[in-house]
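Let's take a friendly tour of a protein chain. Have the sequence and the 3D view ready, and follow along as we go.

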Amino acid sequence: MGTRLEGPDEGALERLSGQVREIAAATASDTSLRGCLLANGAAELSGRDAEVHAIARRTFAALAELFTACVAAAQRAGDIDPHADAARLADLLLAVVRGIEALGKGGSSPESLHAIADTALALLPRS
């Protein structure tokens with residue numbers, strides 16, 4: 001995900017939007033409902049396996065940092081309100097993509113998953 005989100009300030013919002021929509025598309029196309037290894041492992045084992053719990057926490061923190069950096073870049077580019085809290089927006093986007101994955105595994109329709117991604121992106125505060 002880092003290579004997809006990192007880059008110059010210009011285009012950061014497009015990279016961020018593309019990543020969220022790509023996760024929705026990948027989840028919608030997962031017809032066997034396998035889901036994400038991270039999400040599955042965290043949901044199934046985090047409460048019983050300290051190592052899985054630690055890996056999940058580190059990975060979610062790293063993903064939040066990537067989203068935060070991309071949101072901050074979009075703020076510097078003038079595409080997202082510079083007064084908004086970049087870390088909170090990043091946490092929201094992380095929750096949205098993890099939610100999309102969970103809903104997809106639960107059998108939500110592709111249309112619903114794409115609509116969730118679009119709605120979340122539309123809610124980002126613009127400059």
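How many helices and how many strands does the chain have? The chain has six helices and zero strands; helices (H or I, at least four residues) and strands (E, at least two) are DSSP runs, numbered from the N terminus. This is a predicted model, in which local features need pLDDT of at least 70 and side-chain atom pairs count only at pLDDT 80 or more, while totals for chains, interfaces and linings use all residues. Residues are numbered from 1 along each chain as its sequence is written, and side-chain values use heavy atoms, leaving out hydrogens and water.

Here are some values for the whole chain.

| Property | Value |
|---|---|
| C-alpha trace span along the principal axes | about 40 × 35 × 20 Å |
| Buried residues (under 20% relative accessible area, 1.4 Å probe, protein chains only) | 36% of 127 residues |

Which residues does leucine 93 contact, leaving aside its neighbours within four places in sequence? They are Leu16, Val20, Phe67, Val71, Leu121 and Leu124, where contact means heavy atoms within 4.5 Å.

Leu93 of α5 also takes part in the contact with α6, whose own residues there include Leu113 and Leu121.

Key: Buried < 20%, exposed > 50% of the residue type's maximum accessible area, 1.4 Å probe, protein only.
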